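Subject: Structure handover

Dear colleague,

Please find below the structure I said I would pass on. My notes on it follow.

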Amino acid sequence: MLVVAVVLASCVTSRKVNYMQEPGKHKIPSYADTLDYEEYTIRPDDRLYVYVYSLDENIMKMYNAGTTNRGQMRNMMQNSVNGRQTQELYTYLVDKDGFIDFPTIGKIQVAGLTTRETKHKLEEELSSLLKEIPGYATISVEVNIVQRTYSLIGVKSGRFPIDKEKLTIFEALAQMQNLQTFSDRARVKIIREINGETTIREFDLRSKDIINSEFYYIEPNDIIYVRELTGKAFGLTSAGAVVGVIASTLSFGVFVYTVVATGINHVNKYYPKQP
């Protein structure tokens, strides 16, 4: 009976791995509707891709690494043999004080701003600087944060890119090809920096309410920790497996009992006890 109890406890059922389960059933928690997506603000150590558009080719070459073709610049960043080094050459690192060093402008603070606010700030600075040039043409600036990633540790580990403005937890799961069968979805921890402080939050990934919670969107530099279920030690993933193990255990028990009983009968028959 002890073996059967242990086997049943170790079985990985659908309730332990399925997503979008209704809160309140099978101890699935509910989460308050706290979803209030805020646009990501630039932080120290972020890396910005900045591209300046203008009708003046000389201005474009000056600010865009000598090229007037945005696609060409992107290709140089992505297809270079030393891809990361090339990307660093054409991007701007936000220093610990929140500034980038931009050509002809110098130090300009961007930490705490969104990419949209940074775009407008650079356009204002450049327009103010370049309008004195004869034949000045209106400029436009594109700003993106590059090299944004999140990490997964625990049952499955790796670092994955955030290649869109808003990445949901389920899109992240698809990107990492889902969690493994023996991942504990009920106690997922996420390590996240909020207002300069590192916080650790725990949530149940199986709950349908996740889509309305603070855990729905992944932020750059998030660390997701997923531990193993205890059932991994037994490798049982279905009711069929449990039945098979129980049947095998009972069969082995019957076999042992039969062998022992036969042996005792044999001894009693041929070697009876002396009066």
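A polar contact here is a pair of N or O atoms within 3.5 Å; within protein, one of the two must be able to donate a hydrogen and the other to accept it. Keep in mind that this is a predicted model.

By that criterion, the side chains of Asp204 and Arg206 are joined by a polar contact of 2.8 Å. Asp204 sits in the loop that links β10 (197-203) to β11 (217-218). Is Asp204 buried or exposed? Its relative accessibility is 3%, and buried means under 20%, so Asp204 counts as buried. Apart from neighbours within four places in sequence, Asp204 is in contact with Ile28, Pro29, Tyr31, Arg185, Ala186 and Ile210.

The chain as a whole

The chain has 275 residues, and 34% of them count as buried. Its secondary structure comes to eight helices and twelve strands. Among contacts in the chain with a separation of 6 or more, 63% are between residues 24 or more positions apart. The accessible surface of the chain is about 16600 Å², and carbon and sulfur atoms account for 54% of it.

An open sheet

Three strands make up an open sheet, in the order β2-β1-β5, and their pairing is antiparallel. β2 (91-93) and β5 (139-146) are at the edges; each has a single partner strand, so one side of each has no neighbour in the sheet. From one strand to the next, the twist averages 30 degrees. Helix α6 (residues 115-130) packs on this sheet and touches β1 and β5. The direction of α6 makes about 145 degrees with that of β5.

How many bridges join β1 to β5? There are eight between strand β1 (residues 47-54) and β5, and the two run antiparallel. In this pairing, Arg47 stands opposite Val146 in β5.

Lys189

Strand β9 (residues 188-194) contains Lys189. The side chain of Lys189 makes a polar contact of 2.7 Å with the side chain of Glu202. Glu202 is also one of the residues that Lys189 is in contact with once neighbours within four places in sequence are left aside; the others are Ile200, Arg201, Ile223, Ile224 and Tyr225. Lys189 and Arg227 are 38 residues apart along the chain, and their C-alpha atoms are separated by 9.0 Å. With a relative accessibility of 28%, Lys189 counts as partly exposed, because that class runs between the 20% and 50% limits.

Gln147 is not a glycine, yet it has a positive phi of about 60 degrees. Its relative accessible area is 28%, so Gln147 is partly exposed.

Asn221 is in the loop between β11 and β12 (223-226). Asn221 has a positive phi of about 75 degrees, although it is not a glycine.

Regards

Conventions
Residues are numbered from 1 along each chain as its sequence is written. This is a predicted model: local features need pLDDT of at least 70, side-chain atom pairs count only at pLDDT 80 or more; totals for chains, interfaces and linings use all residues. Side-chain values use heavy atoms; hydrogens and water are left out. Helices (H or I, at least four residues) and strands (E, at least two) are DSSP runs, numbered from the N terminus. Buried means under 20% relative accessible area, exposed over 50%, partly exposed in between (1.4 Å probe, protein chains only). Contact means heavy atoms within 4.5 Å. Two strands pair if DSSP finds at least two bridges between them. Axes are lines fitted to C-alpha atoms, for helices over the stretch in contact, and angles run from 0 to 180 degrees between N-to-C directions. Accessible areas come from the Shrake-Rupley method with a 1.4 Å probe; for residues, only the protein chains shown count as cover.
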